[in-house]
Amino acid sequence: MEMFRRMLTVSVITVGLLSIGAPAFAAPPETETTVQKKLVETFIDIVPTSNCVEEGPLYTITTTTNLVEHSTVFADGREHDTFTQTGTFVAVPLEDPSLPSYTGKVTIWGGFNANGTTVNGTFTFNLSATGSDGSTINTHQVDHFNARPDGTVNEFFHCH
């Protein structure tokens, strides 16, 4: 019994010392942060609605946002990435000028993780707008996925 306690004590001390010394031997992760201010993008799409209908008339949408992207990549292949993009937008009907134009605020966030066996990501989209006709739109969308080692993918989308 005494020998078992000594072996256990030596093992615990060894593990403790290795865990203290491990950070000194591990390569630091590579990190990168990119910041873009007053980023202007123009594209054609539908305007997301409060009831989350994903179809409708096309609009020319111009966003002016600030964007921060951050990534951390470890020597063993693990990776963590996030971004936040927030600002204002203007949406003008592409084909039907009788439809309202919209102005508002938009925030998009995303996070992504990979560890060599699994991958997951979560994205959020928040929009608040006022139409030229006085109508309002408020929408919040969440999209998440994870890919397991066996190749199966779990995902969900929620909009409210």
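What is the torsion about the S-S bond of C52 and C159, and is the disulfide left-handed or right-handed? The torsion is about -80 degrees, so the disulfide is left-handed. The structure examined here is a predicted model, in which local features need pLDDT of at least 70 and side-chain atom pairs count only at pLDDT 80 or more, while totals for chains, interfaces and linings use all residues. Residues are numbered from 1 along each chain as its sequence is written, and side-chain values use heavy atoms, with hydrogens and water left out.

The model has one disulfide, a term applied to a pair of cysteine sulfur atoms within 2.5 Å. C52 and C159 form this bond, with an S to S distance of 1.7 Å. The two cysteines belong to distant parts of the chain, 107 residues apart: C52 lies in the loop between β1 (30-45) and β2, and C159 lies in strand β7 (residues 153-159). Buried denotes a relative accessible area under 20%, exposed one over 50%, and partly exposed the range in between, with a 1.4 Å probe and protein chains only. C52 is buried at 17%, and C159 is likewise buried at 18%.

Strands are DSSP runs of E with at least two residues, numbered from the N terminus, and two of them pair if DSSP finds at least two bridges between them. Seven strands form an open sheet in the order β1-β2-β3-β4-β5-β6-β7, with antiparallel pairing. At the edges stand β1 and β7, each with a single partner strand, so one side of each is left without a neighbour in the sheet. From one strand to the next the twist averages 10 degrees, where axes are lines fitted to C-alpha atoms and angles run from 0 to 180 degrees between N-to-C directions.

Along the sheet, β1 is joined to β2 by 14 antiparallel bridges, and F43 stands opposite I61 in β2. Strand β2 (residues 59-73) is in turn connected to β3 (residues 79-93) by 15 bridges, with H70 opposite T82. The hairpin of β2 and β3 has five residues between the strands, and G77 there adopts a positive phi near 100 degrees. Between β3 and β4 (residues 102-114) there are 13 bridges, and F89 has G104 as its bridge partner.

The pairing of β4 with β5 (residues 119-131) also spans 13 bridges, with T103 partnered by T130. Four residues separate the strands of this hairpin, in which G116 has a positive phi near 95 degrees. Strands β5 and β6 (residues 136-147) share 12 bridges, and L127 faces T139 across the pair. Their hairpin has four residues between the strands, with G134 at a positive phi near 90 degrees.

A pocket is an open set of points on a 1 Å grid over the protein atoms alone, where a 1.4 Å probe fits, with protein on both sides within 12 Å along at least five of seven lines; lining residues have an atom within 4 Å of a point. The largest pocket has a volume of about 350 Å³, volume being the space filled by probe spheres set on the points. Its lining comprises 20 residues, of which F43, D45, P48, F125 and L127 are the closest to the centre. At least two lining residues come from each of β1, β2, β3, β4 and β5. The lining has 12 nonpolar residues (Ala, Val, Leu, Ile, Met, Phe, Trp, Tyr, Cys and Pro), three charged (Asp, Glu, Lys and Arg) and five polar (the others, Gly among them).
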